[in-house]
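User: Hello! I am new to this structure and would like to learn how to read it. Could you walk me through it?

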Amino acid sequence: MTFSLRDWIRDNLKGDRQIWWVVLFLSIMSVLVVYSATGTMAYQKMQGNTESYLLKHGSLVLLGLVCMYFAHRINYVYYARLSRFGMWLSVPLLLWAFFKGTNLNDASRWVTIPLINQTFQPSDLAKLALISNLAAMLAKRQRVVYEPRVLVNMIVWIGAICALIILSNTSTALLLGLTCFLLMYIGRVPTRYLAGMVVVCVVLGGIGLVLGQRLGTATNRIKTFVGQLQGSANNEKRKDVDDPTVFQQHQGYIAMANGGITGQGPGQSHQRNFLPHPYSDFIFAIIVEEYGLIGGIAVVAAYLWLLARGLRAIRKSTRPFGGLLSAGLTFSIVLQAIINMAVAVGLAPVTGLPLPLLSMGGTSLLFTGTAIGIVLSVSRDEADESKL
């Protein structure tokens, strides 16, 4: 009996095949670009072993694909139950990260896992759990009138989780709040409760921002962005190029300008030697430098196609939870990608958000793979939501 790859793929990789192709494309692009972007850093820090970061990142990309595979094999209804536990678990983890967590880049966002000595961001777990649980709560009430008590419960959870995240990670908290707002809008929540959610998030988020670690950083980045817009409008040359944020953005602009239409070629980036964090925050600039405008458009198109296929579940799924869950997780991934790319081209303040599926990262790749696996599970449409 001969092994057939085509038969194995047909029997084991279920769900929307086009999402599989998008993820495969972005994963291959990630390995290539991260290898290039980390070459100089690896040579300096790893005694010339330029493959060290490639092996680590490649392993995490592979693990992310494994998480996606196993997540898509599970009946997506079970994620509603797991999400409740995940939300309660994320609260002490977020508090622990803020007070006792590992501090990197002036922010305590990481919790170190004992024994294996690896760090992860509890905000990744909180995002996945909150979106899944919100989709479940909304799905139960698509055919009945919303009870005020239920809506208030949703809003309190959203405000509380976002406030805990904003203590050390402003951009992630804002992104999660926006995703939840869109999900509640799609779930036909009355306008007055949507407004109430905004008020609660602003109040609790404002308190968290003041009490947290990132108020000064967020304020400075917004001021820098506004100053750049004013300087561009007035044709003025920036005088604060010594500011690390301005320097980072300018190096990103140079990288993209070098790329032109077809790019410098794989592994031929020059700005990776000058651009801070070329493998994470500004990896899109390296993509454009090496693969040109064509490569940049291909990446943007991949995320937009992922969005289209993820939202397709709203129209195709006969079950409310599946459509809402797929939409919420897809919004979370694609909005983060749009914001990251907008920062790289100067359309948004610097945020520090990685580019999903492309940036070098740790457990964020695993959580992103799991989220896409859940979307694929929804696209199989084999669940019984009476078990919710």
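Predicted model: local features only at pLDDT ≥ 70, side-chain atom pairs only at ≥ 80, totals over all residues.

User: Where do I start: how many helices and strands does the protein chain have?

Analyst: Begin with the secondary structure: there are 14 helices and three strands in the protein chain.

User: What share of the residues is buried?

Analyst: Of the 388 residues in the protein chain, 51% are buried. The chain also exposes about 18,600 Å², with 64% of that supplied by carbon and sulfur atoms.

User: And how do I read the contacts along the sequence?

Analyst: Take the contacts between residues at least 6 apart in sequence: 74% of them join residues at least 24 apart.

User: How many salt bridges are there?

Analyst: A salt bridge needs a side-chain nitrogen of Lys or Arg within 4 Å of a carboxyl oxygen of Asp or Glu. By that rule, the count is one. R309 pairs with D16, and their closest N and O atoms are 2.8 Å apart. R309 belongs to helix 12 (residues 283–316), while D16 sits in the loop between helix 1 (5–12) and helix 2 (17–37), so the pair ties together parts 293 residues apart in sequence.

User: Are R309 and D16 buried or exposed?

Analyst: Both R309 and D16 are buried.

Definitions and conventions:
Residues numbered from 1 in each chain as written. Heavy atoms only, no water. Helix = DSSP H or I, 4+ residues; strand = E, 2+ residues; numbered from the N terminus. Buried < 20%, exposed > 50% of the residue type's maximum accessible area, 1.4 Å probe, protein only. Contact = heavy atoms within 4.5 Å. Areas by Shrake-Rupley, 256 points an atom, 1.4 Å probe, with all protein chains shown as cover.
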